[in-house]
Amino acid sequence: MTWSLPAVGIPTSYIIEIAQPVVAPNGGTTFQTIAYLTTSATSMSIPPGVLQRGVSYVALITAYVKNPDTSDSAPYHLTYPYAYASAVVTFAT
């Protein structure tokens, strides 16, 4: 999975949430999160066993700028100041 830098700012880390659409009890669609991944790069290999062949997925890619950057020691902990922006992409295997 590869993405481009945002138009503004230089992220210190990214969190990628991968979800699978599922039919809700009311007949609508909801999403079941199957993985949270972190990286400081603009690409990432999805670990084996996360995705199933022939299934559609949604990925929410959130770029963070954190000062100080705690991505390695505490990837899901936000310290002030920070800023973020997200993008949603769909893909199928």
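Visitor: What should I know before I start?
Guide: This is a predicted model, in which local features need pLDDT of at least 70 and side-chain atom pairs count only at pLDDT 80 or more, while totals for chains, interfaces and linings use all residues. Residues are numbered from 1 along each chain as its sequence is written, and side-chain values use heavy atoms, with hydrogens and water left out.

Visitor: How many helices and strands does the chain have?
Guide: Helices (H or I, at least four residues) and strands (E, at least two) are DSSP runs, numbered from the N terminus. Here there are zero helices and four strands. From the N terminus on, the order is β-β-β-β.

Visitor: How do I read burial, and what share of the chain counts as buried?
Guide: Buried means under 20% relative accessible area, exposed means over 50%, and partly exposed lies in between (1.4 Å probe, protein chains only). Of the 93 residues, 29% count as buried.

Visitor: And the surface of the chain? What does it come to?
Guide: Accessible areas come from the Shrake-Rupley method with a 1.4 Å probe; for residues, only the protein chains shown count as cover. The chain has about 6,100 Å² of accessible surface. Carbon and sulfur atoms hold 56% of that.

Visitor: Which residues make up the largest nonpolar core?
Guide: A nonpolar core is a set of buried Ala, Val, Leu, Ile, Met, Phe, Trp, Tyr and Cys residues joined through side-chain atoms within 4.5 Å. In this model the largest one has twelve residues: W3, Y14, I16, I18, A35, L37, M44, V55, Y57, A59, I61 and A63. At least two residues of this core come from each of β1 (13–23), β2 (29–39) and β3. β3 gives the most, with four.

Visitor: What is a pocket, and which residues line the largest one?
Guide: Take a 1 Å grid over the protein atoms alone. A pocket is an open set of points where a 1.4 Å probe fits, with protein on both sides within 12 Å along at least five of seven lines; lining residues have an atom within 4 Å of a point. Grid points are joined across faces, edges and corners, and the volume is the space filled by probe spheres set on them. The largest pocket holds about 220 Å³. Its lining is M1, T2, W3, S4, P6, Y14, I61, A63, A85, S86, A87 and V89.

Visitor: Which strand gives the most to that lining?
Guide: β4, with four residues. Both β3 (56–66) and β4 (82–92) supply at least two.

Visitor: How many lining residues are nonpolar, polar or charged?
Guide: Ala, Val, Leu, Ile, Met, Phe, Trp, Tyr, Cys and Pro count as nonpolar, Asp, Glu, Lys and Arg as charged, and the others, Gly among them, as polar. The lining has nine nonpolar, three polar and no charged residues.

Visitor: What does S56 touch beyond its sequence neighbours?
Guide: Contact means heavy atoms within 4.5 Å. S56 lies in strand β3. Neighbours within four places aside, S56 is in contact with Q20, P21, F91 and A92. S56 and P21 are 35 residues apart in sequence, yet 7.3 Å apart in space, C-alpha to C-alpha.

Visitor: Where is A41 found?
Guide: In the loop between β2 and β3. At 34% relative accessibility, A41 counts as partly exposed. Setting aside neighbours within four places in sequence, A41 is in contact with W3 and Y14.

Visitor: Is Y80 buried or exposed?
Guide: Y80 is exposed, because its relative accessible area is 70%. Y80 is found in the loop between β3 and β4.
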